[in-house]
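Here is a friendly walk through a few local features of one protein model. Have the viewer ready and follow along.

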Amino acid sequence: MTTQIKKLSKLDHTIPIYSPRSTYKQILHTDETLLADLTLNFDPFTINVLRTEFLMRQGSMEVTEFILVVKEHLLSWQLEISNRDIKLIRQLVNLFEEIDLNGNGKLEWEEFTNYIIEKATVLNNIKSKQDEIKLYTKSNMKPFKKFTQIITRVIYIKEIDKIAFFEEGSDEIQFMTPDGGFGLKPLKIVPISDKVVTTQAKKDKDKQNFIIVKKEDTIEKKTKILTMLYIDDPKYQVLLASTHDGYVRGWRYQSSGFVLANQPDNDEEMIEHHFNNDIYSMTWDGINEILYCGQKEGQINIWNLKTDTETQLQSEAGHTDVVMDMIAMPKLQFMASASLDKNLILWNTLSNKRERTYKEHTKGIVSLAFNESLILLFSAGFDHNLCVWNPYIESLIFKIQGHSSPVIGVVVIEGTSQIVSLDQEGSVKVWDTKKFNCVQQFSVETQDEKHKFNPSSLCYIPKPLKLIFGGRSIYSYEYDKNYNPNSVDDYVAVCCKFIENQMAFFTPAGTKIKIWNALTGDVKKIYSDITTTEITAFKLDNLDKRFIIGDSSGTVALFNVINGAKIKNLPKHSGEVVAIVHASDIGAFFTGSMDNNVFMTLDNEFGESELLRTFIIQDGQLTFLSYDPAMKHLLAGTNSGQIRFYETDTNKLHGVANEFKQGEEITSINLIKGIPFLIVTNSQGKISIMSMPPVLHRFVKIYTFTNLDPEISSQLLGISNAVFSQEKKVLFLSDDKGFIKCFEVDWLVDFLINIVNEKDKEDAAIKKIKGLKTGSSQNARQMLALPKIPQREVKMKWITRAHYEVIKSLEYVEKENFLITTAFDKKVKLWDAETGKFIDSFQQNYDRKEPRPIALRRGGTEEIYNTDLNERIDLEFSQQIPQQEQDEQIGQITQNQILEEKKFNHLELPKTPQEEFNPFFYIEKIDQSKLLTLKSNPEWKLEIGFKEYYEKYEQKIKTLFDQVKIKEKEVHEKQVKQGIHNRHYKQQNVQSEEDKQYDLNNKLALKDDEANNNYFNQQQPSHQYNQKLKTEYLLQKHKIQQKDQHQISQRGNHQINFDNITNQSQIVKEFNQQQQDLQENLKHGLKTRNLTPQNKSFQVPQLTKSSSQKKLKKVDPQIFEKLHKQNLKGKLNFNSDPKVFLSEVIYYLYQRLNVMLHLSLSLYQRYMIQQMNVHQNLEKFNANQKLNYLDYNDNISNNIIQSFYFKNKIDFVNHNIFLILKYGFKKFNPILIQSSLIIINSMIFKIKQSLYLSDHEK
C-alpha cells in the first residue's frame, strides 16, 4: 500500500523559508531597524535623567548597568513586538557597542552625548541604494519630425513603450519611440458629426408643378485636445483624452494601433462621456474605478466608468478658477486638486467633501506630484516655489525655493528620492527628498538660437531612466549615462575593507562610501557626501569601530563606522592625503600627504584634535606609511626608493634605507611579526627582505626575488600592492598589468625566525649565568653578523589575471582566507586566497534579484513544503513514512491511509526566540535531500562563515540577558524589603512641612499597596488638597504607573489590561463614558480662570468617581484577537477570497490598535496630571498671598490650556478607534484597514510627540 498526503493548495497561507544566510541578513536588518527606532526615544528629558544616572556611577557604566538603567526609560517602546525583552536587550547591547568607540567595555557620559549629537547630524547622509542620486545628461535623441506648434503635453505609456504627445490646438495624438523614432500611426480624434436636413423646390418630370425635395447633409466637425491620461490598470489599459467639445473618450491599443475602447464588463458600451463643460485635468482612482475631471470654472466631476454615471464634488467649498492638476491618493482616501485660484484642496473620497484647503501659494498652482512611500505631496505654481505637504498635517512642511521663473511642472521619480521640477525658462532642478536640496541643475535649450524651447510639459521613462521634456520640440535626458552594472561605482574605489562585526564591506569611492552586505552582496546603505572632494585615503582603526578619511584637498576626518557620523576633523594638509596609519599602542594617528608632511595626531576620541608632531619627508615624494610597534618607529616610503625611519617619541630621524635605486618607488612595506625584518616591494618589480632596528647591520637587503611578467618572461613587472600573511606565510601581490600572485615564503620566514629564536636563547643563557633577569630583549636581536640565507628559489603558488587595468588596492581577509582587489576599471572583485580562483564581485546592478525562498511553511502548522507546493519535505513527515510503510507490510493497515494534517490556526502565533533569532531554525527541520537549492540568492558566491559570528553574538546576548534578569531580581527583592512592592505610591505619615513626602535620601517615600492595582482607581481621601505636591513627585508617579501598565501588558500577550468587554460597541461606550467624566472635570477647570487672589481656599472635586459610586468598566485584553478570529472563521466558512484573511496587514492592524489604546491611556493620565497641576497652583497661591495676580492668572491659564490639549488628543484617538471598529471590522474591507494603518501610525507619532512635549515641559 502507498501513503498519500493532501497536496498543499496555492490558496493556503504559506510563510516563505529562506536559506540561513538570507535569514541571518534579515535578522541583522531587523536589529538595525529596531535600534534606529530605539534611539528616537532619547529626548532631552530622558537624556537629562540619564545624566544623573551617569553621575551617580562616577560618569561611566558597564554594559549590564547601562541596560538596567535605560530599560527603565523605555517602558512604552515597541510594546506590540514578539520577544520584546530579548529584542530590547539586543538593541541596548548593540547601542552600547555602537557608542563605546574606545572598546574599553565602559560607556562614558562624553561618549553617550557625542553619540546623540552625531546621530542627529548624520541621518540625512545615510541613504539606501535607491536614495543615491546621480546625474542626468542630454541624450542624442532626435524626434522623427519637426513640429510647427508647441508640444502641449507628453506622457509615457509603459505597456507599448511609446511616448504620446499632442501639439497645441491639434486633434491628433502622436507617438514616438524613446529614442525618437516613429512610434505609431497618429490617433485622430473625430467628434460626432452634425446632420443637417435641407429642402429644395424642384419641378416635376413634366415641368409643370413644383415638388419639395429633402436632402440630408453631414457637417464634419473638428476639435482640439485639452489633456490626456493613460490608465495603466490591467483591467482597462485605456488612453483617455478630453477635447473642447466636452467629451472624454477612451482608446485601447491593439496590434494595428489605438481603437475606441469599450467597457471591460460590457462590450457594447464604449468608454465615452459628455460633460457640460470642458475638462482641463484628469486623475484616476484605480481602487474605486472612478475618474476625477477638473473643469474650467473650478468644478470637479466624478465619472464612474463601471456605471457610466456622473456626480460632483462639493462645489460650495471648491475652486473658483481652472483646475490645472489633480492627484488621487486612494490608499489614503484623499484626492488633491490644484487651481489657478491659488488654492490646493484636499478632498475626502469617502464623503466627497473638502477635508482642508492649503493656501500657502501666492499665485496659481499648475502641477502636483505625490510620493506614496514618504506620504509627501508636492505642489508647484507661478510663484516660483515648490511646496511640500503631508495630507495628514494641516500646515506646510517645507517650501522649496530656487527657481527664478514660474514652475510649470513637477514629477516624483518612483522608487527613488528624486523630485524633478521645470520652469518656464527651461531650467530643470533635481531635488533630494531627504534634504530638499538641489543636487543638479541644467537648462533645456534648442539648438536653434533664434527660438526658445518654450517648455510646457515633462514626464519620465522608468527603465532606463530618462526625463522627457516637451516644448518647441521633444528632448530627453539620460540618468547615469556612464552606468555600468558590473562596476562598483562611477568612481574608482580607493580600497575595499571587510568589517567582521558588521558583516559588511566598505568601498570608498568619489565622495561617498558604499556599504555592501557580505551575506548577499547587495548595498546595505550609502554614506553620501561624506567629503566635499574625492576620497584618496581610507583607514580603519584597530577595533573596526572608526574610520579615517583623507581627500584630495588635504582634509582628514574621523567617522563612526556604524552610522557614518563625523566624530571630528584631524589637522588638515595642504596637499592630497596619500596614506593613513593608526598606532593604537601609543594612541596616535599618522596622516601623510603630497605636501611631504606626516602629522602625528593624538587619538583622544572626542576632544579637540591635538597635533603632537610633524615629520617632514625629504629627498622624494611620500608614497607609503607603516608603523613598527616593537620599536615605535614610523616608516615612510618614497618614490626615490628610500625608506625613512622616524622615532615617534622624539621626532628624530633614526635612519634611512637607501638600498633601492632612484625611481624605484616604494609600493608596500610589510613587517614580519616578532622578528626585525621586513618585506619591501617597489615599482620596478623587486621584492626584498630587509633588516631593520635593532639589528646592527640595519637597512640592508638580505634577500631579493623578482616579479616577472607572465607574458614576457624576461621582463620585470612593476608591483602595485603586496600583503604578507603571517599565519599562512605567503606573500600576495598585484602588479601593473592586473595580475595577482601568491608566493610561498614560508621557508624564508621560518629560517629568519629560527635565527632570532637562537639569539634569544643565547641571550637568556648568558643572563642566567650572570644572574640577570631573563626575558625578551632587543639587544639580543642586534646580531653581530647578518644571517646568510641559502640560495633557494621562492616558488609562486598561483597566478591569476584579476583585472585588465592597474590594480589600485589589494586586501587580505585572513580569517575568511580571501582576497579583495580594486582597480582602475571601477571593479571590486573577491578571490580565493588558497587557489586564486574568482569568487564574486560587487556590482551596482539595479536589477539584482531579490532572495527567493527555498521552501514554504504552511501557516499555523509545522508542515514544510517545497516551492512547487507538491511535496512535503519536513523531517517529521519524512520519518513518519518509513514507519507507516512498515506497518502496512505487517498488515496493520489494510487500505490506503491519508496522513492527517495537524489542525492549524490561520492566526499565526508569535514567534519563539529560536524561530526569530536562529537562522538555522528551519533548515534543521527540513529534509535537505529534497531541496532544489540551499541558497536563496545563488548569484552571490561568497561563502562567509557567519555561523561563528552568530553563535558568538548569541552567546553574548544570552549571558547578558541572564545577568540582567539576576540584577532585576536583586533590585526587586531590595525594593520589597524597602516597601516598594508593586511600585505603587502611598503617602507616609508626615514628619515636616515640605519633607513629609520624601525620605532621608531625598527620594519619594514608598510603601506596599497591594489593594490598589491602579492609581486612577484609588478613592480620593478628601475633596481638598491639603498637601503640596512637587512636579517631580507627579512625574515619578506617572512613570511608575507606565511601568505597571507595561508589566500587565506583557502578561496579556502584549494587550492592554482592561477587563471584560465582549463586543465593539462596549469599547465605544467605555470611551464615551471617559469623555463625560473628563468633561465634568474640565468644566470645573474652566471656572478656575475666574478666581481671584481673594479666594482663601479651593474645593477640589474628585478626579475619578469612587468605587462605591461607580465601578469602572474594563476592556477585555483579548478583544482584538477574538474579533480577528471571528472574522477569519466567518470568511473561511463562506469560502470567500482567502487573500482577505490571510493578509498579515490585518494582524498588524490589531497590534497597532493596541499601541494606540495604550497611548490613549497615557494621554488620559497626562490630562489628569494637568488637572492636578491646576489644583496644585491654586494651593500654592492660597499659601502665598504675595503671589502676583498676573503670574497667578498665567500659570492657571497655561495648565488649563494643556488640559484642553491632551483632552482634544484623547477625543481624536477615540473617534478614530470608533471609525475603524465600525467600518474596518463590520465590512472587513482590506483596503480600508490598510489605509487605516497609515492613519494609526500617523496618530501614534502625534501622540508620542505630545507625550514628549509634556515630559519636556516638565
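The notes below cover a helix, a sheet and some ring contacts in this predicted model.

## Helix H2

Helix H2 covers residues 44-56, 13 residues in total. From first C-alpha to last it reaches 19 Å, close to the 18 Å expected at 1.5 Å a residue. Its buried residues are Phe 45, Thr 46, Ile 47, Leu 50 and Phe 54. After H2 comes Gln 58, with a positive phi near 60°.

## A four-stranded sheet

Next, look for an open sheet of four strands in the order E6-E38-E37-E36, with antiparallel pairing. Its edges are strand E6 (136-138) and strand E36 (457-461), each of which pairs on one side only. On average, neighbouring strands of this sheet are turned by 25° against each other, direction ignored.

E36 and strand E37 (residues 466-470) run antiparallel and are joined by five bridges. Leu 458 stands opposite Phe 469 in E37.

## Aromatic pairs and charges over rings

The model has 44 aromatic pairs. One of them is the tilted pair of Phe 732 and Trp 798, with 6.3 Å centre to centre and 40° between the planes. Phe 732 lies in strand E60 and Trp 798 in strand E62, so the pair ties together parts that are 66 residues apart in sequence. Phe 732 counts as buried because its relative accessibility is 2%; Trp 798, at 8%, counts as buried too.

Ring pairs also link Phe 498, Phe 505, Trp 516, Phe 818, Phe 842 and Trp 940 into a cluster. As for charges, the charged end of Lys 138 sits over the ring of Tyr 475, 4.5 Å from its centre. Arg 801 lies over the face of Phe 739, 4.6 Å from the ring centre.

Technical notes. Residues numbered from 1 in each chain as written. Predicted model: local features only at pLDDT ≥ 70, side-chain atom pairs only at ≥ 80, totals over all residues. Heavy atoms only, no water. Helix = DSSP H or I, 4+ residues; strand = E, 2+ residues; numbered from the N terminus. Expected span 1.5 Å × (residues − 1). Buried < 20%, exposed > 50% of the residue type's maximum accessible area, 1.4 Å probe, protein only. Pairing = 2+ DSSP bridges. Axes fitted to C-alpha atoms, helices over the stretch in contact; angles between N-to-C directions. Phe/Tyr/Trp six-rings, centres within 6.5 Å; stacked < 30°, edge-to-face > 60°. Lys NZ or Arg CZ within 6 Å of the ring centre and 35° of its normal.
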